[in-house]
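Hi everyone, thanks for coming. I'd like to walk you through one model today, so please have a look at it on the screen.

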Amino acid sequence: MKAESREFIKNLEFPFCYHAYLIDKEGSIDYFHYGLWTPETRDIKTAQENLASMMKSLIPAGAKRILDVGCGLGKTTVDLTMAGYETIGISPDTKLMEMAKTKYKDYTSHLIETSFEEYKTDKKFDLILFQESSQYIFDLDFLFAHSHKLLNKVGCILTCDEIRYIPEGPLHEKKNILSMAYKHNFKVVHNEDITEKIINTSILASNFIIKNKDLIIKDFAPIRENVKEEIELLLQGWNMRTEMFEKKAFGYEIFLFSKNHHVLDKLITKLRLK
């Protein structure tokens with residue numbers, strides 16, 4: 001099984017194939033997202049589990065139906081389902097979804113190959129989770145508008161992702177996130193900057209690539225034509241992230257948005273007047 005997993009991760013799309021190798025070159029991986037580092041954390045897998053656990057702890061009481069957008073290898077979708085939530089995980093990546101359904105054969109009905117932009121359903125969710133997937137939905141207006149349609153009357157959006165604080169560049173700018181949320185009647189009920197707790201992920205990724213570059217090239221060269229160029233591009237990307245985090249041009253933040261805050265605020269005001 002290890003040999004099969006090892007070969008499968010090598011055939012994932014760029015950059016997932018290398019990210020998987022970085023986490024565990026034998027192919028035993030659960031997540032692709034950053035890790036949350038504490039003084040006691042000694043490895044990337046534990047750090048990733050720390051972040052996953054933190055996000056689960058922020059799910060509001062009373063939430064039952066959850067949409068996991070960009071569900072990756074399906075670990076969070078399955079964990080939430082096993083915890084009693086009605087969970088659907090979606091991803092447009094065919095190979096990731098294939099691997100997820102292979103790992104979780106009893107939960108394939110919970111894993112749907114589609115993009116957030118194309119996902120349509122009559123179901124209404126209590127929570128939409130974007131764990132490092134909101135940055136890939138380039139149209140923030142659509143993100144909040146579509147989320148509004150998919151959520152119950154007072155549903156929530158929970159995100160953790162890289163963002164930027166400068167006017168130009170990749171990623172969504174924080175002020176644009178907040179203004180678009182407000183436009184679509186979402187209120188921030190929780191916001192937390194955890195940049196300092198995740199930055200070690202990008203530092204370790206760069207160091208791993210530098211230390212193991214020759215081995216990575218040797219392992220991937222038989223199946224990837226431009227492996228040297230891809231490794232260099234990947235290293236530049238991780239170095240850039242570390243630099244931008246340290247300059248405070250980029251950050252990594254958690255947001256919990258509640259839907260229809262105007263309705264809720266009016267209701268609270270009426271109750272107070274009575």
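Let's begin at Ile29. Leaving aside residues up to four places away in sequence, Ile29 touches Ile9, Ala20, Ile23, Asp24, Leu73, Met99 and Lys103; a contact here means heavy atoms within 4.5 Å.

Before I go on, a word on the ground rules. This is a predicted model, where local features need pLDDT of at least 70 and side-chain atom pairs count only at pLDDT 80 or more, while totals for chains, interfaces and linings use all residues. Residues are numbered from 1 along each chain as its sequence is written, and side-chain values use heavy atoms, with hydrogens and water left out.

Back to Ile29, then. Along with Tyr18, Leu51, Leu158, Ile194 and Ile254, Ile29 touches the most other members of the largest nonpolar core, which has 52 residues. Elements giving at least two residues each to this core include helix H2 (16–23), helix H3 (44–57), strand S5 (151–164), helix H8 (195–220) and strand S7 (250–259). Apart from that core lies another one of 23 residues, with Leu67, Val69, Leu151 and Ile157 among them. By nonpolar core I mean a set of buried Ala, Val, Leu, Ile, Met, Phe, Trp, Tyr and Cys residues joined through side-chain atoms within 4.5 Å. Buried is under 20% relative accessible area, exposed is over 50%, and partly exposed lies in between, with a 1.4 Å probe and protein chains only.

Now the whole chain. It has 10 helices and seven strands, taken as DSSP runs numbered from the N terminus: H or I of at least four residues for helices, E of at least two for strands. How does the radius of gyration sit with the globule rule? The chain has 19 Å, which agrees with the value near 19 Å for a compact globule of 274 residues; the radius is taken over C-alpha atoms, and the rule is 2.2 Å times the number of residues to the power 0.38. Along the principal axes, the C-alpha atoms fill a box of roughly 70 × 45 × 35 Å. Of the 274 residues, 50% count as buried. Among contacts between residues at least 6 apart in sequence, 68% join residues at least 24 apart.

Some backbone details for those of you who like them. Which peptide bond is cis, with omega near 5°? That is the one from Phe14 to Pro15, and Pro15 sits in the loop between helix H1 (2–10) and H2. Glu132, in the loop between S4 and helix H6 (140–150), has a positive phi near 60° though it is not a glycine. Glu132 counts as buried, at 14% relative accessibility. Leu171 is another non-glycine residue with positive phi, near 75°. You'll find Leu171 in the loop between S5 and helix H7 (174–183), and it is buried at 16% relative accessible area.

Last, two helix residues. Thr242 in helix H9 is buried, at 10%. Not counting residues up to four places away in sequence, Thr242 touches Ile199, Ser202 and Ile203. Thanks, and over to you!
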